[in-house]
Amino acid sequence: MYRIESLRTLVSSLIFYTPDKHSDHTILQQCVSEFANLSGFIDQSRTQYCHLTELKRLESQVVDCPILTDKKRGIIVKADVYRVKGIIDESGTAHTFPQDKKFPHYQKYKLHLFDDAIMLSRITYEIQPYDSQTREIENFVNTYALSAIRVKNAQKQQQFLLYTPRSVYLFEFETLEGMAEWVDHINSTIQNAPKLLVPNVYISPQKTM
């Protein structure tokens with residue numbers, strides 16, 4: 001990449017010193033244009049590779065994670081841990097979780113926002129028998145197409161509701177700024193996402209052994 005930019009700069013300098021009517025002027029301009037296209041292609045390929053690497057990492061990190069690399073999917077926001085105050089399931093039953101810190105695994109979720117879907121995973125903890133250390137485990141919950149979800153501010157600050165075809169999640173953030181930023185991320189991504197004729201649950205094919 002550095003050599004390409006160096007050559008592009010060199011050719012641009014040659015153009016500066018080449019008269020407009022010289023037979024090489026047009027060819028040199030075409031060279032600069034080709035170098036620019038090549039640089040753009042390399043940058044795009046590098047971005048796609050980074051996205052693919054991150055998606056592969058998620059597939060191996062999240063228990064029972066579906067295949068995430070079956071589409072040219074981009075990652076909008078990397079996951080952070082947020083506390084779930086409660087869930088209303090598809091039957092309309094409300095479930096509230098204890099606020100006691102002794103039960104953090106009932107409260108912690110991760111959100112992975114892509115350019116076409118959002119993935120939810122739940123955090124559980126497992127004590128390792130060989131060293132008695134607590135290990136964090138990320139478990140797949142579901143993935144929804146962006147056309148199938150919506151978000152809404154909750155009654156209390158630092159909270160928002162995530163409406164999905166199956167459940168409604170009440171998320172609580174540590175700060176009001178963090179909550180507002182996530183809501184903005186989701187809403188802007190939904191607006192830019194491809195619209196489906198029929199909003200539906202996005203289901204990725206499961207990994208095969």
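**Close-ups of a predicted chain**

**Ser147, on a loop.** Ser147 comes out as partly exposed, with 24% relative accessibility (buried is under 20% relative accessible area, exposed is over 50%, and partly exposed sits in between, using a 1.4 Å probe and protein chains only). Ser147 belongs to the loop that runs between strand E6 (134-145) and E7; helices (H or I, at least four residues) and strands (E, at least two) are DSSP runs, numbered from the N terminus. Look across to Gln191: 44 residues away along the chain, its C-alpha atom is 9.0 Å from that of Ser147. A note on what you're looking at: this is a predicted model, in which local features need pLDDT of at least 70 and side-chain atom pairs count only at pLDDT 80 or more, while totals for chains, interfaces and linings use all residues. Residues are numbered from 1 along each chain as its sequence is written, and side-chain values use heavy atoms, with hydrogens and water left out.

**The whole chain, before zooming in again.** The protein chain has 3 helices and 9 strands, and going along the sequence the pattern reads α-α-β-β-β-β-β-β-β-β-β-α. Of its 209 residues, 36% are buried. Take the contacts (heavy atoms within 4.5 Å) between residues at least 6 apart in sequence: 55% of them join residues at least 24 apart.

**How confident is the prediction?** pLDDT is the predictor's confidence in each residue, from 0 to 100. The average for the protein chain is 77, and 82% of the residues score at least 70. Residues 196-209 are where to be careful: pLDDT stays under 50 there, and the model gives that stretch 35 contacts beyond four places in sequence.

Leu113 is part of strand E4 (residues 108-114) and is buried, at 0% relative accessibility. Setting aside residues up to four places away in sequence, Leu113 touches Ile75, Ile76, Val77, Ile118, Leu146, Trp182, His185, Ile186 and Thr189. With Leu146, the C-alpha to C-alpha distance is 9.2 Å across 33 residues of sequence.

His112 is in strand E4 and Glu138 is in strand E6. His112 is buried at a relative accessible area of 4%, and Glu138 is also buried, at 4%. Beyond four places in sequence, the contacts of His112 are Leu58, Val77, Ala79, Ala117, Ile118, Met119, Ser121 and Glu138. On the Glu138 side, the contacts include Gln61, Val62 and Val63, along with His112. For scale, the C-alpha atoms of His112 and Ile75 are 7.9 Å apart, at 37 residues of separation; those of Glu138 and Tyr109 are 8.4 Å apart, at 29 residues.

**Two residues with positive phi.** Most residues other than glycine have a negative phi. Asp64, not a glycine, has a positive phi near 65 degrees. Asp64 is in the loop between helix H2 (23-61) and strand E1 (75-77), and is exposed at a relative accessible area of 61%. Gln158 also has a positive phi without being a glycine, at about 70 degrees. Its loop joins strand E7 (150-153) and strand E8 (159-163), and Gln158 is partly exposed at 28% relative accessibility.

**The second largest pocket.** A pocket, on a 1 Å grid over the protein atoms alone, is an open set of points where a 1.4 Å probe fits, with protein on both sides within 12 Å along at least five of seven lines; lining residues have an atom within 4 Å of a point. This one has a volume of about 240 Å³, the space filled by probe spheres set on the points, which are joined across faces, edges and corners. Its lining is Thr47, Gln48, His51, Leu52, Leu55, Thr69, Lys71, Lys72, Arg73 and Gly74. By class, that is 2 nonpolar, 5 polar and 3 charged residues (Ala, Val, Leu, Ile, Met, Phe, Trp, Tyr, Cys and Pro count as nonpolar, Asp, Glu, Lys and Arg as charged, and the others, Gly among them, as polar).
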